[in-house]
Amino acid sequence: MNRRAFIKASLTATAAVAGSVFLDGPLSSASAATVPSKTEDAKMKILVLTGSPRKNGNSNTLAEHFINGAKEAGHEVTRFDAASSKVHPCIACNKCGMNGPCVFKDDFEVVREHIIPANLVAFATPMYYFGISAQLKTVVDRFYAINGEIHIPKKAVLMMTYANNSPRNESPILTYYEVLLEYLGWKDAGQIIAPGVWPAGAINQTPFPAQAFALGKSV
């Protein structure tokens, strides 16, 4: 079976399983949480994925302010720092079948636990060589093993920092984010793109932390 046929078959099988699980399966509560009712909208489950290896880096500062705003609004927030976690890169073995246990038992299990019931996933990353950080990309690549379970309506946020100040430099990450959301069926809930920040702490002299707080409070 070629790759295209494999993916098509996997998604078809996943959709069938997801339909029954949503109604009366053991994961019905997790599935229902991704389509909150009006009474549940006031409180969301949010997973924040950060990619900077600098503890006090600029994108981490945005993540902190976003989290503070979200918590003030009453949301339940979980933060996962990819750079300080042990997540093995995906090796394309297909043992997971795009919807099962991964051969690697590492810190990605924390992501798996929280991303499936999450209503919103926030990505915070510095720009490294015109792309998201390798640490965050490793985590995103491992989405492959839970592909079927996260192909459901969710919101997403992007917070990105970089040293230059050029819309052209931003475009690779923005395009990646847009295509990722389109593939997963997620909806963009806001973006904060912070140019011109390089040394750790440079973001503190800008309006971007306040914007991140406001975004967290308004999602």
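The buried residues of helix α3 pack against strands β1 (45–50), β2 (76–81), β3, β4 and β5 and against helix α8 (208–218). Here contact means heavy atoms within 4.5 Å, and buried means under 20% relative accessible area, with exposed over 50% and partly exposed in between (1.4 Å probe, protein chains only). Helices (H or I, at least four residues) and strands (E, at least two) are DSSP runs numbered from the N terminus. The model is predicted, so local features need pLDDT of at least 70 and side-chain atom pairs count only at pLDDT 80 or more, while totals for chains, interfaces and linings use all residues. Residues are numbered from 1 along each chain as its sequence is written, and side-chain values use heavy atoms, with hydrogens and water left out.

The chain as a whole provides the setting. The chain contains eight helices and five strands, and along the sequence these follow the pattern α-α-β-α-β-α-β-α-α-β-α-β-α. Of its 219 residues, 47% count as buried. Among contacts between residues at least 6 apart in sequence, 78% join residues at least 24 apart.

Helix α3 spans residues 58–72 and has 15 residues. From its first C-alpha to its last, α3 reaches 21 Å, close to the 21 Å expected at 1.5 Å a residue; the expected span is 1.5 Å times one less than the number of residues. The buried positions of α3 are N58, S59, N60, T61, L62, A63, F66, I67, G69 and A70. Just after this helix, G74 takes a positive phi of about 95°.

I173 is itself buried, and so are N169, E170, L174, Y177, L180, L181 and L184. The elements that cover the buried residues of α7 include β3 (120–126), α5 (134–141), α6 (147–150), β4 (155–161) and β5 (187–194). Just after α7, G185 has a positive phi of about 80°.

Strand β5 holds K187. K187 counts as exposed because its relative accessibility is 61%. Leaving aside residues up to four places away in sequence, K187 touches K154, K155, A156 and L181. K187 and A156 are 31 residues apart in sequence, and their C-alpha atoms are 6.0 Å apart in space. Beyond β5, T206 is placed in the loop between β5 and α8. With a relative accessible area of 24%, T206 is partly exposed. The C-alpha atoms of T206 and A194, twelve residues apart along the chain, are separated by 8.8 Å.

Two residues other than glycine call for attention in their backbone angles. Most residues other than glycine have a negative phi. A92, in the loop between β2 and α4 (108–115), has a positive phi of about 55° although it is not a glycine. A92 is exposed, with a relative accessible area of 58%. Y129, in the loop between β3 and α5, has a positive phi near 50°. Y129 is likewise exposed, with a relative accessible area of 81%.

The cysteines form a further topic. A disulfide is a covalent bond between the sulfur atoms of two cysteines. When a disulfide is taken as a pair of cysteine sulfur atoms within 2.5 Å, the count comes to zero. The sulfur of C90 is too far for a bond because the closest cysteine sulfur, in C93, is 6.7 Å away. C102 is also in no disulfide, and its nearest cysteine sulfur, that of C96, is 6.4 Å away. C90 counts as partly exposed at 35% relative accessibility, whereas C102 counts as buried at 12%.

On a 1 Å grid over the protein atoms alone, a cavity is a set of points where a 1.4 Å probe fits but cannot get out, and lining residues have an atom within 4 Å of a point. Grid points are joined across faces, edges and corners, and a volume is the space filled by probe spheres set on the points. Two cavities of 30 Å³ or more are counted, and about 110 Å³ of space lies in the largest cavity. Of the 13 residues that line the largest cavity, the closest to its centre are C90, I91, C93, C96 and C102.

Definitions and conventions. 1 Å grid on protein atoms, 1.4 Å probe; cavity = no way out; pocket = protein on both sides within 12 Å on 5 of 7 lines; lining within 4 Å.
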